[in-house]
Amino acid sequence: MKRIVIAGSGFGGLAAARALRERAPKETEILLVSPRPELLYYPGLIWIPTGLRSPSDLRVPLDSYFKKHRIRHIPGTVTGVEEKGRILVTDKGRHENDALLIATGSASLRKLTGIEHSRSICQGIEDAVAIRERIESLETGTIALGFAGNPNEPSAVRGGPVFELLFGLDTWLRKTGRRGKISLTFFSPAAEPGNRLGPKAVKNLLADMARRNIPTHLGAKLSSFSAEGVTTEAESFPADLIIFTPGLRGPDWVAGTDLPKSPGGSSRRKRPARSRTGPEPMWPETAGPIPDRTGCPSKAIRPTSRPKRPPTTSANTLRADLAQRNFGSNWSASSTASIRAPWSTAPRPGTSSLKAPSSTTPSPFSNGGTSPATAKKKS
Ligand SMILES: Cc1cc2nc3c(=O)[nH]c(=O)nc-3n(C[C@H](O)[C@H](O)[C@H](O)COP(=O)(O)OP(=O)(O)OC[C@H]3O[C@@H](n4cnc5c(N)ncnc54)[C@H](O)[C@@H]3O)c2cc1C
């Protein structure tokens with residue numbers, strides 16, 4: 001029996017697992033390794049500071065999802081790979097595989113002096129709850145919100161949730177009658193924050209901040225945070241609460257492997273799948289900030305008008321590759337491939353190297369739903 005191992009139970013790993021189950025030969029074994037059989041619904045974190053969601057709303061249990069799609073969940077934390085990915089090493093054991101898909105997300109750059117004086121809305125439940133508690137305790141003062149990128153990898157940035165939280169807080173503070181006593185300010189080392197959404201978006205975002213009386217501090221490198229506020233190379237400004245999302249980087253466990261890395265520390269394939277012609281083994285990529293064909297970062301939740309198509313590029317590519325490797329004869333739907341998947345095609349130890357896919361199709365992404373309720377329903 002052939003075995004596919006997937007690392008990570010976020011949107012990437014789950015969407016890939018489902019797509020593979022739908023198309024792989026029935027007898028294929030699909031194992032998914034992650035610390036817990038649950039999905040943390042990251043997009044809902046922005047509602048925790050204002051109390052519109054509680055932590056338990058965002059933890060989606062996956063037992064029924066795994067059962068429905070015949071996926072075996074194995075609790076564990078990945079610590080490395082061996083045999084060019086054919087063995088996934090975790091803190092609880094080693095998992096031999098015929099194909100590996102790595103979707104363990106990304107980590108944050110936390111080198112800035114005084115970063116401990118900030119909280120990130122993208123870090124997880126603990127930080128989101130700490131932000132809520134601090135805002136609750138604040139009678140007067142200033143909340144500074146900002147984000148930065150990874151200088152080594154421009155696409156490794158997550159600004160959207162910061163804008164969402166900024167505008168959400170402004171609205172909420174107004175509704176609750178506290179905005180007069182609590183100031184909001186926005187900062188970023190980028191002169192045009194959000195420019196990856198296009199120049200029009202930057203103009204509109206900054207105009208909206210001006211309209212809402214939110215001063216900005218832009219275009220100067222960040223020097224440090226402290227209990228008093230933010231210092232950049234150009235100025236210092238006070239803050240009673242700093243909400244800051246740093247640039248993204250590859251997960252720590254990848255750093256200790258010999259996987260090829262992107263400049264920002266994510267593991268990367270050496271060259272795109274579509275250019276591969278020979279039997280050369282392919283390294284896993286992590287689901288870090290992977291730019292797509294338009295240069296945008298890879299996102300797990302992406303609207304599509306073709307929901308019946310395979311939900312992730314990764315799964316699509318893996319499926320095509322496995323079909324071509326005679327992994328099984330019963331792959332359903334077309335076996336054409338798309339590009340940029342976090343996976344490995346190196347052969348299992350003791351077997352021969354197999355050919356890579358040559359065809360390509362556009363990359364269909366799933367729309368993972370817009371609420372935990374939708375995610376639960378879909379499972
Ligand atoms: C506040 C916020 C709002 C967002 N809003 C949106 C939005 O509206 N639209 C959108 O498209 N995107 C949004 N995003 C981005 C989106 O959440 C991410 O793109 C998505 O979660 C990435 O999915 P992933 O599966 O690659 O990684 P993750 O969601 O990070 O999942 C990684 C998985 O791997 C597991 N894992 C981690 N390390 C290990 C290890 N060593 N071993 C085993 N398992 C491990 C984790 O437990 C987790 O299950 C938002 C993000 C945040 C933080």
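Helices (H or I, at least four residues) and strands (E, at least two) are DSSP runs, numbered from the N terminus. The model is predicted: local features need pLDDT of at least 70, side-chain atom pairs count only at pLDDT 80 or more, and totals for chains, interfaces and linings use all residues. Residues are numbered from 1 along each chain as its sequence is written.

The loop between helix 6 (199-211) and strand 14 (216-218) holds N213. This residue is not a glycine, yet the phi of N213 is positive, near 60°. Most residues other than glycine have a negative phi. N213 counts as exposed because it has 10 C-beta neighbours inside 10 Å. R70 is found in the loop between helix 3 (63-68) and strand 5 (72-75). R70 is partly exposed, because 13 other C-beta atoms lie within 10 Å.

Axes are lines fitted to C-alpha atoms, for helices over the stretch in contact, and angles run from 0 to 180 degrees between N-to-C directions. Two strands pair if DSSP finds at least two bridges between them. Strand 7 (residues 87-90) and strand 8 pair in the antiparallel sense over three bridges. I87 stands opposite E96 in strand 8.

Another open sheet of three strands has the order 15-16-17, with antiparallel pairing. Its edge strands are strand 15 (222-225) and strand 17 (236-238), and each pairs on one side only. Here the twist averages 15° from one strand to the next. Strand 15 and strand 16 (residues 229-232) run antiparallel and are joined by three bridges. S224 faces T231 in strand 16.

The shell around the ligand was examined next. There are 29 residues around the ligand, of which G8, G10, G12, Y42 and G105 come nearest. A residue is near a molecule or strand if its C-beta atom, placed from the backbone, lies within 6 Å of it. The shell divides into 18 nonpolar, nine polar and two charged residues. Ala, Val, Leu, Ile, Met, Phe, Trp, Tyr, Cys and Pro count as nonpolar, Asp, Glu, Lys and Arg as charged, and the others, Gly among them, as polar. Helix 1 (11-23) and strand 2 (29-34) each supply at least two residues of the shell. Helix 1 gives the most, with three residues. Domain 1 (3-47 + 58-106 + 250-378) and domain 2 (109-248) both give residues to the shell around the ligand, so it lies between them. The domain bounds come from an automatic or database domain assignment.

The largest nonpolar core has 68 residues, of which I6, I121, L145 and I243 touch the most other members. Helix 1 gives the most to this core, with seven residues. Domain 1 and domain 2 both give residues to this core, so it lies between them. A nonpolar core is a set of buried Ala, Val, Leu, Ile, Met, Phe, Trp, Tyr and Cys residues joined through C-beta atoms within 7 Å.

Note on methods: Buried ≥ 20, exposed ≤ 12 C-beta atoms within 10 Å, placed from the backbone.
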